[in-house]
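Subject: Structure for you to look at

Hello,

I am passing on the structure we talked about. Please open it and keep it in view while you read the notes.

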Amino acid sequence: MDSLKVGICGLGTVASGVINVLNRNQFEISARAGCKIEVVQVASRRMRDNCDMTGISFTTDLNELVNNPDIDVVAELIGGHTLAKDLVERALKNGKHVVTANKALIAEHGNDLFSLAAENGVSLAYEAGVAGGIPIIKALREGLAANKISALAGIINGTGNFILTEMKDKARDFDDVLKEAQALGYAEADPTFDVEGIDAAHKLAILSSVAFGAPLQFSKTFTEGISNVAPEDIRNAEDLGYRIKHLGITKRQSNGIELRVHPTLIPESQLIAKVDGVMNAVLIESDAVGQTMYYGPGAGSEATASAVIADIVDIARALKAGVAPSVPPLGFSMDKMKEIPVLDIKECVSAFYLRISAEDHPGVLAEVSSIMSRHCINIESVLQKESARIGELIPLVMLTHEVQEAKIDEALKEIEMLESVSGSVKKIRVAQFAQAK
Ligand code: HSE
């Protein structure tokens with residue numbers, strides 16, 4: 001085999017990155033793959049001038065590409081659901097290997113699609129779907145194959161991290177930063193996927209399966225976005241020595257796994273709290289190696305293209321050796337995958353940041369702490385922000401020790417009923433990670 005023939009569906013940010021990087025680094029890539037990697041056809045709704053299409057046939061008909069007998073690998077880079085799913089299914093049935101950057105497709109339909117790929121003796125690779133350019137799937141599936149993984153936490157949406165960073169560093173407002181992220185090509189076609197945590201939940205569901213060997217369970221992921229993180233919460237967190245990050249967390253517990261995406265306070269001294277801008281990071285706790293963290297650009301044209309091409313190189317190497325790609329898609333042999341229940345968020349345990357809008361008169365703090373004490377909730381620190389007073393109301397900011405979420409919710413219900421407390425209490429979860437040894 002002298003050359004591997006690739007067809008690309010889509011001609012957006014990632015597809016143009018793939019063509020540009022393949023052109024620029026053709027010597028290194030073919031030397032690593034053992035053969036030339038050639039894009040022979042692109043199918044897209046319209047032609048664009050974002051890359052050099054010399055020698056590449058162009059069609060607006062996706063069918064033509066998936067049925068093209070000259071194509072060995074289909075790169076699905078159109079995103080979305082229905083069309084992409086249909087396209088990937090047809091390509092796999094036609095005996096073509098598929099590489100995709102589509103995390104929604106994998107998180108929601110991966111269980112069936114991986115089986116379909118196996119039935120047809122081809123591979124379905126998706127490194128580019130999670131954390132952009134960071135080879136996190138390879139790290140989990142191959143590099144950490146010796147380990148029992150106990151927990152994983154990641155900043156896995158570049159847009160969300162970019163927004164929180166700009167809000168903290170430059171006191172910019174949410175909408176303004178989101179527009180910039182869209183212009184830079186980081187955001188999803190529907191940016192609510194970024195800010196409401198759906199994109200991160202897709203990625204977390206995939207990471208959790210690869211970490212724990214369970215089938216994909218996207219629909220059971222608890223998801224809370226960043227649109228309710230107020231600038232004053234960011235400032236309060238800073239005053240307390242924390243940063244607010246939008247984290248995806250999955251943890252192995254004796255009775256199931258935690259699977260949750262939400263804004264999270266992290267002590268500012270921890271490495272993951274320092275991950276800013278569009279950068280992503282995934283922190284993994286495992287028994288043999290201990291704590292490891294993987295850091296890099298989580299979105300962007302060439303960063304994501306780097307992961308797409310790495311998957312294509314894997315396929316080229318296997319075909320060149322005359323074998324089928326042999327790393328199981330979710331890291332565990334498919335017949336050894338086991339269902340693991342996902343714990344309800346109410347069962348999860350963490351510390352909490354609370355912002356209570358309370359009247360400033362004697363006894364209010366005592367009332368609040370007596371409710372906390374009745375629910376066995378230990379308060380770690382209290383901050384009263386005189387500078388944020390609005391008339392009679394003053395924000396009372398608290399950090400608690402770890403407690404089950406159901407318990408804190410019961411206490412908050414009672415606190416919100418106090419006459420001296422106005423509106424609902426703002427609650428943000430707090431996470432601590434053991435420092436790497
Ligand atoms: N919208 C995604 C992000 C793109 O901001 O991380 C990469 O998946």
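The notes below cover the ligand site and then the sheet. Please keep in mind that this is a predicted model.

The space that the ligand takes up is the largest pocket. Two elements each give two or more residues to the shell around the ligand: α7 (158-170) and α10 (198-212). The residues surrounding the ligand are K103, N157, G158, T159, Y186, A187, E188, D194, D199, K203, G298 and A299. Sorted by class, this shell has 5 charged, 4 polar and 3 nonpolar residues.

A polar backbone atom of G158 is 2.7 Å from a ligand oxygen. For T159, a polar side-chain atom lies 2.7 Å from an oxygen atom of the ligand. With K203, an N or O atom of the side chain is 2.8 Å from a ligand oxygen. On its own, the ligand has 260 Å² of accessible area, and the protein covers 92% of that.

The sheet

The sheet is open and is formed by 6 strands, with parallel pairing. The strand order is β3-β2-β1-β4-β5-β6. At the edges are β3 (57-59) and β6 (124-125), each of which pairs on one side only.

Regards

Note on methods: Residues numbered from 1 in each chain as written. Predicted model: local features only at pLDDT ≥ 70, side-chain atom pairs only at ≥ 80, totals over all residues. Heavy atoms only, no water. Near = heavy atom within 4 Å. Polar contact = N/O pair within 3.5 Å; in protein donor to acceptor, adjacent residues only side chain to side chain. Areas by Shrake-Rupley, 256 points an atom, 1.4 Å probe, with all protein chains shown as cover. 1 Å grid on protein atoms, 1.4 Å probe; cavity = no way out; pocket = protein on both sides within 12 Å on 5 of 7 lines; lining within 4 Å. Sits in = over half its atoms within 2 Å of the grid points. Helix = DSSP H or I, 4+ residues; strand = E, 2+ residues; numbered from the N terminus. Nonpolar A, V, L, I, M, F, W, Y, C, P; charged D, E, K, R; others polar. Pairing = 2+ DSSP bridges.
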